[in-house]
Amino acid sequence: MIILGIILLIVGFIFGIPILWTIGIVVLVIGLALLLLGSTGRAVGGRRHYY
């Protein structure tokens with residue numbers, strides 16, 4: 001999710017599409033939150049690690 005968020009941010013910035021920029025930020029934040037919870041050993045959605 002983190003990589004997808006970064007790709008959406010870059011595409012939204014290059015082509016000037018604000019909805020892609022917004023979706024990229026949301027996906028990036030969700031990916032970072034899942035990474036943080038997974039790295040503390042807390043299982044999220046049945047998975048211990050999110051890469």
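Among the contacts (heavy atoms within 4.5 Å) in this chain between residues at least 6 apart in sequence, 24% join residues at least 24 apart. The model is a predicted one, where local features need pLDDT of at least 70 and side-chain atom pairs count only at pLDDT 80 or more, while totals for chains, interfaces and linings use all residues. Residues are numbered from 1 along each chain as its sequence is written, and side-chain values use heavy atoms, with hydrogens and water left out.

**Stop 1: the whole chain**

Colour by secondary structure. You will find 2 helices and 0 strands; these are DSSP runs numbered from the N terminus (helices: H or I, at least four residues; strands: E, at least two). Now show the surface. The chain exposes about 3900 Å², with carbon and sulfur atoms supplying 78% of that area (Shrake-Rupley method, 1.4 Å probe). Of the 51 residues, 22% are buried (buried is under 20% relative accessible area, exposed over 50%, partly exposed in between, with a 1.4 Å probe and protein chains only).

**Stop 2: the helix pair**

Two packed helices are described by the angle between their axes and the distance between the axes. Select residues 2–15 for helix 1 and residues 18–39 for helix 2: they pack at about 160°, and their axes lie 7 Å apart. (Axes are lines fitted to C-alpha atoms, for helices over the stretch in contact, and angles run from 0 to 180 degrees between N-to-C directions.) That angle makes helix 1 roughly antiparallel to helix 2, a label for angles over 145 degrees.

Which residues make the contact? On helix 1 they include Ile2, Gly5, Leu9 and Phe13, and on helix 2 they include Leu20, Trp21, Leu28 and Leu35. The residues of this contact divide into 15 nonpolar, 4 polar and no charged (nonpolar: Ala, Val, Leu, Ile, Met, Phe, Trp, Tyr, Cys and Pro; charged: Asp, Glu, Lys and Arg; polar: the others, Gly among them).

**Stop 3: Leu28**

Next, click on Leu28 in helix 2. Leaving aside neighbours within four places in sequence, Leu28 touches Ile2, Gly5, Ile6 and Leu9. Try the distance tool: from C-alpha to C-alpha, Leu28 and Gly5 are 4.5 Å apart, although 23 residues separate them in sequence.

**Stop 4**

Is Ile3 buried or exposed? Ile3, in helix 1, counts as exposed at 63% relative accessibility. Its C-alpha is 8.6 Å from that of Gly31, 28 residues away in sequence.

Finish at Ile19 in helix 2, which is exposed with a relative accessible area of 54%. The C-alpha atoms of Ile19 and Leu8 are 9.5 Å apart, with the two residues 11 apart along the chain.

Key. Parallel < 35°, antiparallel > 145°, perpendicular 65-115°, else oblique.
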